[in-house]
Each structure stands twice: as structure tokens, then as C-alpha cells.
Amino acid sequence: TKRLRTKFLLGHHDEALRLAEKVLSEANHNNDKYEAFRIKLDSLVGSGRLDEAVEEGCSISTLLGEPLSIQPNKLAVGREFMKTRKLLANKSDSQLLDRPMREHPTTSSLLRVWGALLIPAYAQKRTNLVGIVSMRTICRSMKYGCTSFVAVAFCVYGSMLAKMGNHDESYRFGKLAMAALRLFPSEELECRVVVSAQCMILHLREPLRGNLSDMKSYYMNGIKSGADLYTLSCGSAALKAGFHCGINLEELSCGMEEYLLDAARFNKLKASTVVTVEAYHLLITFLCGDEGLTDVIAKEEKLKKEAASRNDDTVTTVIATVQLFRLAFLSKSTEEGVSLVRFIEKEYSPQSQIHFLAHFVSFYQAFALYKHYHWAGGIFLRNEAKKFKKRLDILADGGCVNITVPRKIIEGEELVAQGKEMEATSVFIEAADLAVNAQLTHMAALAYERAGMTRKDMDDGRKEARQLINKAVELYNDWGALEKATRLESEHFVLLFPLRKSD
């Protein structure tokens, strides 16, 4: 088993798989067999054989006394959820965490196998299997004691509660996941727990920007300990969160380039999470002026075709969202924008879209979708816009601080649509002030831009509009969106640089 571990840690997955089979056939001790099972599963993941990894993980779980279906249905998930909820009912946080591990012949090995199984199951979007494995981990932890794996399970369970709209309980389990990680430290799992908890749960109550540096350090630790698909997924989520939190684009671009190099070294397959980072990176290269619009559009379409050839709807939807961001930055209303809105709406039900917005802290998603609804016109689309705003209201009213500024900007857009330009200008400026205080440079830039655009066509409004748009240009430059700043200046050159009377 020592040689087996060495081969696995060196990334020699084919050799590790051969040695694992040898250990399983010759080992006399169950502990050696359990270790071989786990390394075999991890090696299948490392070599990109995800289907085999899921099948093997379910088979090992069954051998250890916990039968698992490869494709459990929603009814099975519902039964597991009711069982877990009943078990957790009326238990305080200390009662859930203060459970020292008791000796049990298979529990420790089973939890490690389930922890490894979550990686290929998550990568293949087997959400029912991920949910069941996580809830069984919680139930077994309640019976035999907690280990670091319960932190991962709490994250998944909290995410499930968020999708159901139970944000208070979701936030509680996000905090429990972080507490469990402190009680049961694990370099192997810390990246999964911290980034998943912050990006999927804790931001419902806490400003996400303040936690980005922690996410980066934990991701780097995850890479050092041997990256897996889950670590790459967490890194992808952290980078996207950085974009939506207004991190400087040059800094973010460097981070994405390092991430893509990590992904190339550790993962033979082009995982969905990697492709989404490529899509965001394309948008950033355009905003920074490093790549022309024609080249960016061509590369976007290439990524889209690759995703379609693999039937990867998640990636296709993320790319569509990034394309919508680009149109919003260009301030263009096009048929392409309307079709992208409809495509995204079709992919996400109202409830899961709330979670989607929250997950990515998607300010530009919110603004671009809402704006395109109004630009497109028509009663149907405007009614849909109202429904969309209600979804944001649910998040904001529930205490999601990260959605406060976009909600205020959308309030301004509603006033513009109603012909109340003066009121709209005041609301946009209020949104900009909130964004500046929260260090959300990109949001402040857009809010000032919208205030200036609204004011410029009003009587005696040109001087104030000039000041507001100049602020927007300055903030876009600070963010690193040099192309956007240049376009804004060129589109409003006469307003920003009026000829003097002497000229």
C-alpha cells in the first residue's frame, strides 16, 4: 500500500490503478483494502474516467454495507431529506458538532469513499447522488461521531436548503460547515469547504468580497495537496465571485491564467468549471482592451460549440450569460440579447434562478437581464422583468447584502421606464455611493454611467451629466476596464469635451 500511495501522489494514475487491483486481491487486512478502494476511486477521477469512478464508488459503498444507486430518483432524495431533517430537528449547533468519532469497523472508510465519490458525482451533475451521499454522511456522523467530511456534507445540505428558499437554515449550516472544519482540520478538504460555503451559502448574509483572499489561500493549499476536480470547481467559483465583486481586472486575469495552467497540469479533461473560467477570461481580455471584439466573439462561439458537442448545458448557459454581460457593457439592445435572455430563463426555474443569482453574486446578470427585458419591449417581457425583480427582492429582503446595490440600480431603471428621470438620477447616485463604500468599483461605475445617461437629455442637465460620466470613466479605468472607459469617452466625446466659446 505504501508504493500504491506513492504512485497516486506522483500522479501516475494508471500505475496506481494496477497496484490497487493487486492490493485488493492479495491484502489480508481490511484497512489495506479500504485504502486501496479509496485510491482506486481517486485515480479514476484523476485520469478523467468519471463514469467508472461513480460506478466504482457506488459499488464500494455497497460492499461496505451502504447500498447506493448510481442514478437515484427525486423520490429517493426526498425520503433521505425527510430522514435527515427529522434526525437534525431541535438539535443545537454544539449537539451537532460535539460528537467524537467512535470506533466502528467501516464508518471511517465509508466516509472517505463517500468524500471521494462526491467529486465525480458533482462533476457529472449527478445532483441527486451528491445530495444522498451528503445526507447519509450527516446521518452516520450523528450516529458514530464527526470527522472533517461532515463539513463538506453540511455545505451540500445548506445549498439544498438555499434552493428550497430556506435561507436562514441554509446560512446556519454554512456556518456549521466552517465550524466543523475548525474542529476537524483537513488540508485535503479545506478548499472545498471554504469556497463552497462562501460562494453558495454565507454570502446570503455576509459581504462576499471580504472573504475572497481566504478563498484564494485555501485554493492554493488545495492545489499543493494535489488538485482534484472539486478543487478546480472551487477555484472557478472563487474567480467568478472575484469578477462580480469588482476585483481589479488585471489582477483577476493573472489569477485566471494561473488557474488554467493548474487545470492543464492536474486534469486531463476540460472540465465544465475550467471552460467557464475561459469564458470569463475572454470577457476580461475584451474589457481590458487586450483582445478585439471580433476575436472574442469567435472564441466565445468556439467554446459554445465545444460545450454543445458534449451536451454540457451548464457551460452553454454560463457562456450565454457572459455574452449577455458583454452586450450590457456595450450598452446595446439587440435580437441576440433577447434570445440570450430567453435561453437563460428557460434553463433556470424561478426558484433555482434565485439560487443561481445568489451563487454567482451576479450583479451584471441582474442588470443585463432586467435591462434587456425593457429594451426588448412588449408586455410579455416587461411582465417577466417584474417577476425577475421579485426574485431579487426575495434575496434582498432575506438579508442578502451582496444584492443591495444591484437592487437599487434596478429601482432606478424602473423609474426611467416610468419617465421619472430626476428621481431615477438620485437613485442611481445613491446606488453609486453605496457601491463606493462597499469597494464595488464596477457597480459604482455603472451606477454613475446610468445617472449620467439619464441626466444628459434633461433640461440644464448636461453639466451634471458630464461630471457623472467622467466619474464613471474614472472608475472603469480603476477597475481595469480600459476598453469600456475608452468607448464611453468616445460615445460622449462632445458632452465630455465641449468646445470653448473662444474656439
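Which residues in α9 meet which residues in α10? The contact section below gives the list.

## Model and conventions

This is a predicted model, in which local features need pLDDT of at least 70, side-chain atom pairs count only at pLDDT 80 or more, and totals for chains, interfaces and linings use all residues. Residues are numbered from 1 along each chain as its sequence is written, and side-chain values use heavy atoms, with hydrogens and water left out.

## Overall fold

The chain has 27 helices and 0 strands. Both are DSSP runs numbered from the N terminus: helices are H or I with at least four residues, strands E with at least two. Of the 503 residues, 57% are buried. Buried means under 20% relative accessible area, exposed over 50%, and partly exposed in between (1.4 Å probe, protein chains only).

Contacts are heavy atoms within 4.5 Å. Among contacts with a separation of 6 or more, 68% join residues 24 or more positions apart.

## The α9/α10 contact

Helix α9 spans residues 149-163 and helix α10 residues 167-183. Their axes come within 8 Å and cross at roughly 170°. Axes are lines fitted to C-alpha atoms over the stretch in contact, and angles run from 0 to 180 degrees between N-to-C directions. The two helices are therefore roughly antiparallel, a label for angles over 145 degrees.

From α9 come Val150, Ala151, Phe154, Cys155, Tyr157, Gly158, Leu161 and Ala162. They meet His167, Glu169, Ser170, Phe173, Leu176, Ala177, Ala180 and Leu181 in α10. By class, this contact has 12 nonpolar, 3 polar and 1 charged residues. Ala, Val, Leu, Ile, Met, Phe, Trp, Tyr, Cys and Pro count as nonpolar; Asp, Glu, Lys and Arg as charged; the others, Gly among them, as polar.

## Salt bridges

A salt bridge puts a side-chain nitrogen of Lys or Arg within 4 Å of a carboxyl oxygen of Asp or Glu. The count comes to 17. One of them pairs Glu21 with Lys40, closest N and O atoms 2.6 Å apart. Glu21 lies in α2 (residues 13-26) and Lys40 in α3 (residues 30-46), so the pair ties together parts 19 residues apart in sequence. Glu21 is partly exposed at 40% relative accessibility; Lys40 is buried at 11%.

Glu169 is partly exposed at 30%. Shared partners join Glu66, Glu80, Arg136 and Arg140 into one salt-bridge network.

Notes:
Angles under 35 degrees count as roughly parallel, over 145 as roughly antiparallel, 65 to 115 as roughly perpendicular and the rest as oblique.
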